[in-house]
Amino acid sequence: MSIQIAPSILSADFANLERDLRAIANADMVHVDVMDHHFVPNLTLGEPVVERICQVTDLPVDVHLMIEDPDRWAPEFAKLGVASVTFHTGAVHAPVRLARQLHDMGVKACLAVRPAEPVEPIFDILDEFDMILVMTVEPGFGGQKFLDNQMAKTRRLRDQITARGLDTRIQVDGGVSPATAPIVAEAGADVLVAGSAVYGADDPAKAIDQIRQAAQESYRD
Ligand code: DX5
Ligand code: ZN
């Protein structure tokens, strides 16, 4: 599968979101971080803003829910025109039921694991998900340092997906840049979220191309 790049608008200018969405037209999807001051110590945006983002971009929108009680709220986000909804193992009560509910609504389901969470407990339910998100920073903020100790986990997950013949994608989120893209791609990640490396660059579109190219050269299929 080809590498996909998902810029995180957490590092965009929230007063110029439409402009900053246009600046990433060469990306594969838009990553929207929803935080609630409870699951993580930061607060971002909610349904009305996600709905407008879906209206003004042609790219698929992936909502990364860093919130308590995704069982209750994920279906609300699924109604807004998003392509996929990501929720965390540490917050969800019934991941399989929620994934199936999202699929019934025509939306992809993605399950996220934080750095201290193992990936083995979700092996038996992998086939319920379109993507697994391996966090490569502690969730909550952009601009943090990439945790390379998450690569062994990413490899084990890629090996499991390959052995089972699944087409589940592996997303990584946190500290992804042209420098770290080869590391995550070599470990088997194929959807790369990048916030500060894209929006902190003078030319966001060029940064996307650089991350994509760096990853493609090392991707372990
Ligand atoms: C962090 C968010 C990320 C964040 C990544 O909790 O989930 O999506 O925007 O930012 P960078 O790429 O700057 O690490
Ligand atoms: Zn995110």
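Q: What should I know about the numbering and the model before I start?
A: Residues count from 1 along each chain as its sequence is written, while chains are lettered from A and ligands numbered from 1 in the order in which they are written. The model is predicted, with local features needing pLDDT of at least 70, side-chain atom pairs counting only at pLDDT 80 or more, and totals for chains, interfaces and linings using all residues; side-chain values use heavy atoms, leaving out hydrogens and water.

Q: How do I read the sheet, and in what order do the strands lie?
A: Strands of a sheet pair through backbone hydrogen bonds, either parallel or antiparallel. Here strands are DSSP runs (E, at least two residues), as helices are (H or I, at least four), numbered from the N terminus. Two strands pair if DSSP finds at least two bridges between them. In this model, 8 strands form an open sheet with parallel pairing, ordered β1-β8-β7-β6-β5-β4-β3-β2. At its edges are β1 (4-7) and β2 (30-35), each pairing on one side only.

Q: Which residue in β6 is the bridge partner of A112?
A: That partner is L133. Strands β5 and β6 (residues 131-135) run parallel and are joined by 4 bridges.

Q: Which residues of helix α4 are buried?
A: Buried means under 20% relative accessible area, exposed over 50%, and partly exposed in between (1.4 Å probe, protein chains only). In α4 (residues 95-104), the buried residues are P95, L98, A99 and L102. They lie on the same side of α4, because they cover an arc of only 100° around the axis (the arc of the directions from the helix axis to the C-beta atoms). On the other side of α4, R97 and D104 are exposed.

Q: What do the buried residues of α4 pack against?
A: They pack against α3 (70-78), β4 (84-88) and β5 (108-113), where contact means heavy atoms within 4.5 Å. Just after α4, G106 has a positive phi of about 85°.

Q: How many salt bridges does the structure hold?
A: Side chains of opposite charge can pair when their charged atoms come close. The cut-off for a salt bridge is a side-chain nitrogen of Lys or Arg within 4 Å of a carboxyl oxygen of Asp or Glu. The structure holds 12 of them. One joins D190 and R169 at 3.4 Å, N to O. This pair links distant parts of the chain, 21 residues apart: D190 sits in the loop between α6 (181-187) and β8 (191-194), R169 in strand β7 (residues 169-173). Both D190 and R169 are buried.

Q: Which residues do salt bridges with shared partners join into one network?
A: They are D13, R19 and D20. R19 meets D13 at 3.7 Å, N to O, and its closest N and O atoms with D20 are 3.0 Å apart. D20 is buried, at 9% relative accessible area, whereas D13 is partly exposed at 31% and R19 is partly exposed at 47%.

Q: Which residues of the largest nonpolar core touch the most other members?
A: In soluble globular proteins, nonpolar side chains tend to be buried together. A nonpolar core is a set of buried Ala, Val, Leu, Ile, Met, Phe, Trp, Tyr and Cys residues joined through side-chain atoms within 4.5 Å. Of the 65 residues in the largest one, I9, V50, L157, L192 and I211 touch the most other members. Apart from it lies another core of 10 residues, including A6, M131, L133 and M135.
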